[in-house]
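Please examine the sequence and the structure shown here before reading the explanation.

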Amino acid sequence: MSKYDVNKFKQVTVALNTPFQPDGSVDLKAVRAVVNYFYNKGIRQMYVCGSTGEGFLLDTQERMAVTETVLEEAAGRMNIIVHVGCPDTRHSEELARHAEKAGANATSAVPCVYYRMGEESVFQHWTRITEAADLPFFIYNIPQLTGFNLSMDLFRRMLENEKVAGIKCSSDPAQDILRFKLAGGKDFLVFNGPDEQFIAGRLMGADAGIGGTYGAMPELYLKMDDLVNRGEWEKAQMVQNLVTPLIYRLCSFASMHGAVKGIISLDGCPMGDPRLPFLPVALDDPQLAALYHDIRQAVKDTKDL
């Protein structure tokens, strides 16, 4: 059982895109701007340097700089969860120590990527990360990218670690959320990962959600979360019926990273292009403009639900 109170983390959590300058370097000024952009949208929790944040395309110093800048700008107004996963354990530990020193509220990590590690390797990897910092740790299970699907046996082993406070479950089956929640218990936090099934995830026991498309339409996820918390499931489903087709349209572009950044840019917060090999999406692309229009219309149409 975790020694941490996870209640404050039960929020809509934007997986923060990392802004870049035209030369491909991290744009720290834009990082500050996008923190305030989301705060003004009503977001009070962000997940930094994860898959959406192109964390594996940043070097260690860049990840530290982004983390420091986000925390400085958030200035205690938002919970900041820092993804510290790296291909190797040593650098993950270094990032975990840095996150604690910088003032992060929690850390999170995927298993080692590229190499297909066994369960004992992943157990030691995650355990060493938790030992590097006195912060709540959220397991990140995303087998479609890492090639490692967390088993219930390993999950139960991780639950014996008092620093393991929850899991971001991004595997496709909604029942995985239920299995992790039942095993973890009421004081263990489960984040829904697949944005297309936010409502299904909450129904299956997820306490909150972290997602890569939240940044393009934070108001709609906040609305779904509010409706679920009010027990108005039919209205929440109405919003999900709008959101899921918008997600598929985001994924139809050359890269979802480029499309989400484009939508945020069109909304007045310039984000630049993603870092190669992720492909850019032109701001003057008519399909992007149409998608932006439809997102804003959906926000307007659901405002009073």
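The paragraphs below treat a pair of helices, then a cavity, and then a pocket.

This is a predicted model, in which local features need pLDDT of at least 70 and side-chain atom pairs count only at pLDDT 80 or more, while totals for chains, interfaces and linings use all residues. Residues are numbered from 1 along each chain as its sequence is written, and side-chain values use heavy atoms, with hydrogens and water left out.

Helices (H or I, at least four residues) and strands (E, at least two) are DSSP runs, numbered from the N terminus. Helix H3 covers residues 89–102 and helix H4 covers residues 119–132; they pack at an angle of about 30°, and their axes are 8 Å apart. Here the axes are lines fitted to C-alpha atoms, for helices over the stretch in contact, and angles run from 0 to 180 degrees between N-to-C directions. H3 and H4 are therefore roughly parallel to each other, a term for angles under 35 degrees. On the side of H3, Thr 89, Ser 92, Glu 93, Ala 96, Arg 97 and Glu 100 meet His 125, Arg 128, Ile 129 and Ala 132 of H4, where contact means heavy atoms within 4.5 Å. The residues of this contact comprise three nonpolar, three polar and four charged. In this classification Ala, Val, Leu, Ile, Met, Phe, Trp, Tyr, Cys and Pro count as nonpolar, Asp, Glu, Lys and Arg as charged, and the others, Gly among them, as polar.

H3 also takes part in the lining of the largest cavity, as do helix H2 (60–74) and strand S3 (79–83), each with at least two residues. A cavity is a set of points on a 1 Å grid over the protein atoms alone where a 1.4 Å probe fits but cannot get out, whereas a pocket is an open set with protein on both sides within 12 Å along at least five of seven lines; lining residues have an atom within 4 Å of a point. Which residues line the largest cavity? They are Arg 63, Met 64, Thr 67, Val 82, His 83, Val 84, Leu 95 and His 98. H2 provides the largest share, three residues. The space in this cavity is about 30 Å³, a volume being the space filled by probe spheres set on the points, with grid points joined across faces, edges and corners.

The largest pocket has a volume of about 720 Å³. It is lined by 32 residues, and the closest to its centre are Ser 51, Thr 52, Tyr 140, Ile 142 and Leu 145. Helix H5 (143–146) gives the most to this lining, with three residues. By class, the lining has 15 nonpolar, 12 polar and five charged residues.

Terms used: Angles under 35 degrees count as roughly parallel, over 145 as roughly antiparallel, 65 to 115 as roughly perpendicular and the rest as oblique.
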